[in-house]
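Here are some notes to read alongside the model. Please keep the structure open while going through the points.

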Amino acid sequence: MAGRQRALFISPAYDTDAYLAAESLGLRSVAAALARSGVEVQVREEVPVPVPADVGESAARSTLIGLGVLFTRQIPDAMELARELRGLNPGAHIAVGGQGLEFLWSRVLDDCPQIDSACMHEGDEIVVQLWRAITTGAPFSQVDGLCYRDAGRVMTAAIRPPVRVLDDLPFPYRGAGNGRYRDGHATMSTSRGCAAHCTFCQSGNYGNRYHRLPRWRARSAANVADEVSHLVADHRVQTISFVDDDFLGGDGRGRERAFEFAELLRRRALQITFSIECRINELDAEILSALRDVGLRHVLIGIESANSTDIALFAKKTTNAEAERAIRLLRELDIDFSTGFIMFQPLSEFDGIRTNLAFLAKNRIGTHRRVANRLELYPGAPLSSYFKRRGVTFHEDRYRLYYDFKNPGISVLYRAFQEVLRPFEHVELKGQKELFALATSHGDEDTVHMRELKGVLDDIAAALVSAAFTCLEAVQAEEDPLSAGEIAEDVRQKCAELIERVDHAACR
Ligand code: B12
Ligand code: SF4
């Protein structure tokens, strides 16, 4: 029946107040693969429950409904969507896919009978074969990479090797391209996998366990530049976040590719600003300058820790000296940056936390998220089993793993950083927003205000870390900063003062 031959791809809504709202590239990649084989596709992002009427209508007319689960914390929302969509279309095939499901595929099918199948790892080829199986009645057991239900039992087909040549894939599905795309901002993925094996991270393992391909696979510079050209010409995109785990990966190959890419942007006169994510030991002045000249404005680097115990535990294979050099270079070249930082892990001790705080203070990079961040563990990350062997108690809630710190004093400190220091979160956000407003509304001309505001942001970071040290000392003296009201009162006063300074610097 021609009217039923369509597929709908949906991502669950998430908290876009706390996180950047961006397109779901994974969902749009599988939609593009299916569209290329002639299927009519539709993509709807950030869909809440109950589903809006137009999404419900589209779902009722779809043969395949694909739900994207990028984060493990989205699984319950995806299940709720599946229940509602099943009610709207009892005959549709409902499939889930995405990194949030890694190693949880069969559990999710067991727990949610409304879901028919789960795609394991990369979905570009799976979704095309799944469609064929759905529309021709071929057995799901022939769809490599699929976890599926057969006569009430959850079964797993053979693992499918990842895509070998990424240039062969279509660009993510972005619709007809009439008008300005999502505020002129798009995301792009130019490589897959990461050669590093940080023990807490899913990406180093993601899809890399089952094949003998290089752990970092990349699109060619020309293919990447082609997608940029398409985004600029057809969607009026001005800003691109490259979401690769490691834009400069591949033991030098990524660096070479980046120079070539910069050259192509220049030759094609593509005027964009962009951000990348990479490892700190890959940064040097030459590559950063080349990329800055063609629009690089932000780099996300993973420092993760400054104390030697945790750096070794996380297998970061980087040093504090490398991290400081990267920060210095980025500042010298006036490239904005953010850093991943994990303050707490289940076996944290006070000395390690102290070293971490001293590093944040010295490098002026303290933020509430960095100071109060605790290691999150995902199924399949090698560290999870290590901690279990070390006697760490885990409990699970809605597919997320929680744990008790081995040292009870660390639990007190963690709660204090979370709660007592929370007012800084608001101050930081306000400062960042004002800085962004100044940068965008006045351009580079308003440098006096921007410089003043940047100074205030440095002072916010310093005050935050100083308050964190006060909490640490209190906990080491066996006091609980949460019940000792003076520390919280000092924090409130300091934050009120800093807010006034932010307003002043921003001329409000
Ligand atoms: C962009 C991004 C974000 C964006 C997401 C915007 C958006 N709407 O997409 C933002 C900034 C919001 C974000 C936030 C966070 N993120 Co994030 N993020 C990423 C990142 C860098 C890129 C994702 C991406 O687009 N990849 C490219 C696409 C092509 O790959 P893909 O998504 O895997 O898709 C393929 C397959 O998975 C599959 N597939 C995907 N969807 C579907 C759907 C169907 C139906 C099918 C069949 C197949 C399928 O096929 C695709 C093509 O092969 C990844 C790391 C990475 N490099 O992938 C982390 C990552 C997804 N994030 C992660 C985390 C931890 C977070 C945060 C929790 C961080 C934090 N502590 O604050 C928050 C959570 C936000 C929240 N909502 O609660 C983890 C997820 C771990 C987990 N198991 O939950 C990752 C894997 C990073 C990591 N290695 O730790 N993130
Ligand atoms: S370098 Fe980053 S993406 Fe690669 S394994 Fe480590 S944390 Fe994950």
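1. Two residues count as being in contact if their C-beta atoms, placed from the backbone, lie within 7 Å. In this predicted model, that rule picks out the residues where helix α11 meets helix α16: Phe350, Ile353, Arg354, Leu357, Leu360 and Ala361 in α11, and Ala462, Val465, Ala468, Phe469, Leu472 and Gln476 in α16. By class, this contact has 10 nonpolar residues, 1 polar and 1 charged.

2. The geometry of that pair comes next. Helix α11 covers residues 350-362 and helix α16 covers residues 447-476; their axes are 10 Å apart and the packing angle is about 165 degrees. Angles over 145 degrees count as roughly antiparallel, and α11 and α16 are therefore roughly antiparallel to each other. Their crossing is left-handed.

3. The crossing of α7 and α8 is left-handed.

4. Which residues of α7 and α8 meet? From α7 they are Arg255, Ala258, Phe259 and Ala262, and from α8 they are Ile287, Ala290, Leu291 and Asp293. The contact of α7 with α8 divides into 6 nonpolar residues, no polar ones and 2 charged.

5. On the scale of the whole chain, there is a division into domain 1 (2-156), domain 2 (177-341) and domain 3 (360-508). The C-alpha centres of domain 2 and domain 3 lie 25 Å apart. Between these two domains, 9 residues of domain 2 are in contact with 11 residues of domain 3.

6. On the domain 2 side of that contact, α10 (320-332) and β14 (336-341) each supply at least two residues. By class, the side of domain 2 that touches domain 3 has 4 nonpolar, 4 polar and 1 charged residues.

7. Ligand 1 is surrounded by 38 residues, and the closest are Tyr14, Gly26, Gly66, Gly97 and Gly123. The shell around ligand 1 divides into 17 nonpolar, 14 polar and 7 charged residues.

8. Which elements supply the shell around ligand 1? At least two residues each come from α1 (25-36), β3 (64-68), β4 (93-97) and α5 (124-136). The largest share, 5 residues, comes from α1.

9. Why does ligand 1 lie between domain 1 and domain 2? Both domain 1 (2-156) and domain 2 (177-341) give residues to the shell around ligand 1, so the ligand lies between them.

Definitions and conventions: Residues are numbered from 1 along each chain as its sequence is written. Chains are lettered from A and ligands numbered from 1 in the order in which they are written. This is a predicted model: local features need pLDDT of at least 70, side-chain atom pairs count only at pLDDT 80 or more; totals for chains, interfaces and linings use all residues. Domain bounds come from an automatic or database domain assignment. Helices (H or I, at least four residues) and strands (E, at least two) are DSSP runs, numbered from the N terminus. Ala, Val, Leu, Ile, Met, Phe, Trp, Tyr, Cys and Pro count as nonpolar, Asp, Glu, Lys and Arg as charged, and the others, Gly among them, as polar. A residue is near a molecule or strand if its C-beta atom, placed from the backbone, lies within 6 Å of it. A crossing is left-handed if the near helix is turned anticlockwise from the far one by less than a right angle, and right-handed if clockwise. Axes are lines fitted to C-alpha atoms, for helices over the stretch in contact, and angles run from 0 to 180 degrees between N-to-C directions. Angles under 35 degrees count as roughly parallel, over 145 as roughly antiparallel, 65 to 115 as roughly perpendicular and the rest as oblique.
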